[in-house]
Amino acid sequence: SLKGGDANNNTIEIKGNVTLGLSNTSSGGTTIYGGYAAAGEASGNKITVDQGATVKAYFIYGGNSSSSSDSGLSLTKNNQVIISGDVTVGNSIAGGFANGKSGVTGSVAQGNKVEVTVGGKVTGAIRGGISAYGSANENTVNVAGTVTGVLIGGWSNNLGSGVGTANSNTVTVSGTAGDSIMGGYSVKGSALSNKLEITGSVTGYTYGGYAGGTRTTDNASQNTVSIGNGGNVGGNIIGGVSAKGSADNNTVQIKGSGTLGGSVYGGQTTAVAGSADKNTVELGTGRAVGGVVYGGYAKGDGSTSGSASGNKVIVSGTVDSTTAPYTGTVYGGSALTGFADNNEVTISGGHVADVVIGGSSSTGAFGSGSASSNTVKIINGSSIGRDVYGGNIGMGNANSNSILIEGGSIGGDIYGGYT
């Protein structure tokens with residue numbers, strides 16, 4: 001437990017027509033804390049910057065629980081920072097910051113919130129909750145105004161030997177985000193059940209959950225990215241991405257109208273033997289994607305078997321190429337090495353400029369993977385620019401795949417299974 005004094009339920013209100021702070025640099029810049037506890041809890045604090053106010057600071061934290069307690073634990077919960085004015089930060093704005101200590105588990109930044117209201121502007125980055133050595137869960141970032149920097153709902157930094165989660169965080173953008181956004185980001189741990197909701201503009205990439213650790217248990221699963229009417233994203237859209245673990249059961253749902261600049265991944269893993277299974281991507285009527293659509297993508301290393309199986313992709317919009325490295329292709333599941341089985345792709349009234357593949361496995365020793373039992377449906381007047389594959393594998397079996405074509409046009413060849 002924490003044994004120092006607490007800093008809870010404090011309030012700072014910066015009114016309109018106030019100019020505060022001379023610098024936003026680490027040297028000499030203003031720091032603003034709703035509550036600062038050197039060895040205790042910092043919770044329930046609130047900072048508001050009203051419309052008409054101008055603030056420069058190095059960072060602004062609703063609550064800061066530092067690392068001086070005997071136990072080394074830090075706790076910061078349910079703090080708020082509400083920005084309606086013009087704020088510039090050199091580091092970031094955070095609802096709550098839990099510092100903690102290396103080698104001590106249990107520090108938490110939970111339930112904190114940062115909101116930028118309509119007309120509010122932030123030059124810099126925002127993080128709903130930050131935990132330096134522990135977990136950042138159930139935090140919220142809501143942007144209805146304009147933010148130039150990165151948005152992260154919950155950031156588990158996990159310095160030193162720290163391990164923590166970034167779970168159940170939410171980022172909502174109805175205004176403008178000038179960089180990338182992440183629901184939950186864990187440097188060493190899992191990123192689960194995070195949510196992005198976008199009806200505004202995002203310049204960079206979007207990640208529902210990002211697990212960047214080196215352990216096979218550092219998973220990015222059960223995350224959701226929803227892009228609705230008015231939503232626009234310039235970079236790739238990824239439900240969940242894991243560096244060394246699995247990215248399963250993520251969902252990307254895209255509705256409304258307009259072109260999205262990058263590729264779309266339900267789940268993506270770069271692990272040697274990770275899985276990107278049971279992810280879902282839905283691209284609605286009126287939407288266009290300028291890259292590739294993957295239900296699940298397992299990169300692997302060319303020799304060890306991974307898995308991109310049981311994924312589902314539904315395309316009623318357009319998948320086309322707008323940038324040279326991209327091709328307008330749809331994959332239910334793509335495993336560089338390993339298994340791409342039981343995927344389902346439905347093109348319903350949509351257009352795909354290049355190729356449609358239910359399941360694809362590219363390399364590896366014979367028998368180390370398969371592209372079997374995949375389903376592709378081309379229905380409701382859809383058009384495909386080139387070939388259609390139920391299952392496609394470089395070395396291995398492509399068995400029991402099925403293709404259904406009801407109307408529309410196919411510009412290339414059709415293969416139930418190809419090996």
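Predicted model: local features only at pLDDT ≥ 70, side-chain atom pairs only at ≥ 80, totals over all residues.
Visitor: What is the strand order in the open sheet of six strands?
Guide: The order is E26-E29-E33-E36-E39-E42, and the pairing is parallel.

Visitor: Which are the edge strands?
Guide: They are strand E26, residues 258-260, and strand E42, residues 409-410. Each of these pairs on one side only.

Visitor: How many bridges join E39 to E42?
Guide: Two bridges join them, and the strands run parallel; E39 covers residues 383-384.

Visitor: And what is the bridge partner of Ser383 in E42?
Guide: Ser383 has Ser409 as its bridge partner there.

Visitor: Changing topic: how many salt bridges does a search of the whole structure find?
Guide: The search finds five.

Visitor: Where do Asp50 and Lys15 lie?
Guide: Asp50 is in the loop between strand E4 (46-49) and strand E5 (54-65), while Lys15 is in the loop between strand E1 (11-14) and strand E2 (19-20). The pair therefore ties together parts that are 35 residues apart in sequence.

Visitor: Is Asp50 buried or exposed?
Guide: Asp50 counts as buried because its relative accessibility is 19%, and the cut-off for buried is under 20%. Lys15, at 46%, counts as partly exposed.

Visitor: What about Arg386: which residue does its side chain meet in a salt bridge?
Guide: Arg386 meets Asp354, at 3.2 Å from N to O. This pair links distant parts of the chain, 32 residues apart. Arg386 sits in the loop between E39 and strand E40 (388-393), and Asp354 in the loop between strand E36 (351-352) and strand E37 (356-363).

Visitor: How does the accessibility of Arg386 and Asp354 work out?
Guide: Arg386 is partly exposed, with a relative accessible area of 43%. Asp354 counts as buried, at 16% relative accessibility.

Visitor: Which residues do salt bridges that share partners join into one network?
Guide: The network consists of Glu13, Lys15 and Asp50.

Visitor: And Arg215, what does its side chain meet in a salt bridge?
Guide: Its partner is Asp218, with an N to O distance of 2.8 Å.

Visitor: Is Asp218 buried or exposed?
Guide: Asp218 is buried, with a relative accessible area of 0%. Arg215 is partly exposed, and its value is 34%.

Visitor: Why can such side chains pair?
Guide: Side chains that carry opposite charge can pair when their charged atoms come close.

Note on methods: Residues numbered from 1 in each chain as written. Heavy atoms only, no water. Pairing = 2+ DSSP bridges. Helix = DSSP H or I, 4+ residues; strand = E, 2+ residues; numbered from the N terminus. Salt bridge = Lys/Arg side-chain N within 4 Å of Asp/Glu carboxyl O. Buried < 20%, exposed > 50% of the residue type's maximum accessible area, 1.4 Å probe, protein only.
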